[in-house]
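Look over the sequence and the model before reading on.

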Amino acid sequence: MPIGKSEGVLRIDAETAIILREAYHKIEALNRSDHHGLYDYVRAVACKLARVDTFYIGFLHGSNRVRYPYGYDSGKFDDPATHTYGPNGQTAWLLKHQQTYRFAYDSGMVLNAGVPCGDTSKQSADAVTVPLFRQNGQLLGMISMQSYQPDSYDDNAVRAFEWLAEMVARVVAREDEDRRALRLLPAGEDTPNVLTSDHVMEYLSNQIALLRMMAADAMDAGEMDAAVKERLAGVIRTAERTQSELIEMMLDVDEGPERRFISLTRAQQGVALLLVEGYDNDQLATELGVSPNTVKSHLSTILRKYELDSRAQVADDVRRYLAR
């Protein structure tokens with residue numbers, strides 16, 4: 001159990017309590033779909049509580065990957081990244097211990113066993129990495145606060161970080177549960193479907209188009225230095241080329257997982273999606289409201305259509321489809 005966490009009041013000082021109360025109301029007021037805004041605000045709150053030189057948020061994906069959509073180091077945005085985690089780093093430690101990791105536990109041995117982030121010429125002298133959990137207790141991801149100064153994080157700061165992590169997990173897990181519920185519905189024309197590579201491509205293309213138009217508007221705004229105008233023109237050319245390349249990249253996407261998934265009936269797709277979550281036959285029957293024999297029949301048909309030998313192989317193939 002995280003320190004200071006019980007059925008009673010969170011043991012933090014008065015100043016920290018004021019900061020977290022304000023954070024609660026602002027997080028509740030944020031647009032649920034604006035994850036970047038959420039992460040940005042949580043980082044700002046963490047910086048009010050203690051010194052934070054490096055901050056990142058990561059989410060588990062698949063069997064051995066962590067995707068990091070948001071990170072900052074020394075006040076600068078760190079490029080989002082995906083890493084495969086090993087047996088000795090923080091992700092493996094969180095999976096094993098199911099609790100907050102602190103630098104003081106092992107003088108940073110676990111922290112330094114993982115993939116370095118931010119300014120790799122420096123080493124963190126203190127760190128707190130808080131797990132994010134789904135409602136069922138499954139590890140969803142983590143938030144890490146790190147400092148180049150030793151002894152930056154006392155128990156009060158750690159308790160506050162854990163509270164902030166719970167707020168983030170609530171927002172993200174709630175959307176995850178919503179998406180999961182939608183996947184179980186019969187898909188009609190107006191029913192939102194699973195996220196596809198086409199959706200991602202359209203989103204990226206639209207965002208790049210917006211940046212291109214902003215650069216064009218800036219060029220038309222009035223007199224400016226010739227060097228600045230040349231750079232803006234370069235931004236526009238790069239945006240145009242990137243939009244074109246995005247479309248062509250779609251031609252190289254492996255269509256096998258998609259072709260196999262859409263060959264299933266809607267009922268079979270519902271079973272296949274739940275296989276990704278690791279459901280056994282009894283759980284499948286309960287979740288779908290069907291008999292165990294119906295589940296067995298669906299599984300037999302799915303394996304035949306996929307030409308695979310195990311449900312684990314089907315789950316891996318469906319993951320590839322969902323990650324297109």
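Q: Does Tyr70 count as buried, partly exposed or exposed, and at what relative accessibility?
A: This is a predicted model, in which local features need pLDDT of at least 70, side-chain atom pairs count only at pLDDT 80 or more, and totals for chains, interfaces and linings use all residues. Residues are numbered from 1 along each chain as its sequence is written, and side-chain values use heavy atoms, with hydrogens and water left out. Buried means under 20% relative accessible area, exposed over 50%, and partly exposed in between (1.4 Å probe, protein chains only). Tyr70 is at 1% relative accessibility, so Tyr70 counts as buried.

Q: Which class does Phe77 fall into by relative accessibility?
A: The value for Phe77 is 39%.

Q: Why is the pair of Phe55 and Tyr70 called edge-to-face?
A: Rings of Phe, Tyr and Trp (its six-membered ring) pair if their centres lie within 6.5 Å; planes under 30 degrees apart count as stacked, over 60 as edge-to-face and the rest as tilted. The centres of Phe55 and Tyr70 are 6.0 Å apart. Their planes are at 85°, which is edge-to-face.

Q: Which strands hold Phe55 and Tyr70?
A: Strands (E, at least two residues) and helices (H or I, at least four) are DSSP runs, numbered from the N terminus. The pair links distant parts of the chain, with the two residues 15 residues apart. Phe55 is in strand 1 (residues 54-61) and Tyr70 in strand 2 (residues 65-73).

Q: What kind of pair do Tyr70 and Phe77 form?
A: Their ring centres are 6.0 Å apart. Their planes are at 70°, so the pair is edge-to-face.

Q: Which residues do ring pairs link into a cluster?
A: The structure holds eleven aromatic pairs. Ring pairs link into a cluster Tyr39, Phe55, Phe59, Tyr70, Tyr72 and Phe77.

Q: The charged end of which residue sits over the ring of Tyr72?
A: A charge sits over a ring if NZ of Lys or CZ of Arg is within 6 Å of the ring centre and within 35 degrees of the ring normal. Here the charged end is 3.6 Å from the centre of the Tyr72 ring, and it belongs to Arg43.

Q: What span should helix 2 have, and how far apart are its end C-alpha atoms?
A: The expected span of a helix is 1.5 Å times one less than its number of residues. Helix 2 (residues 35-49) has 15 residues, so it should span 21 Å. This agrees with its end C-alpha atoms, which are apart by 21 Å.
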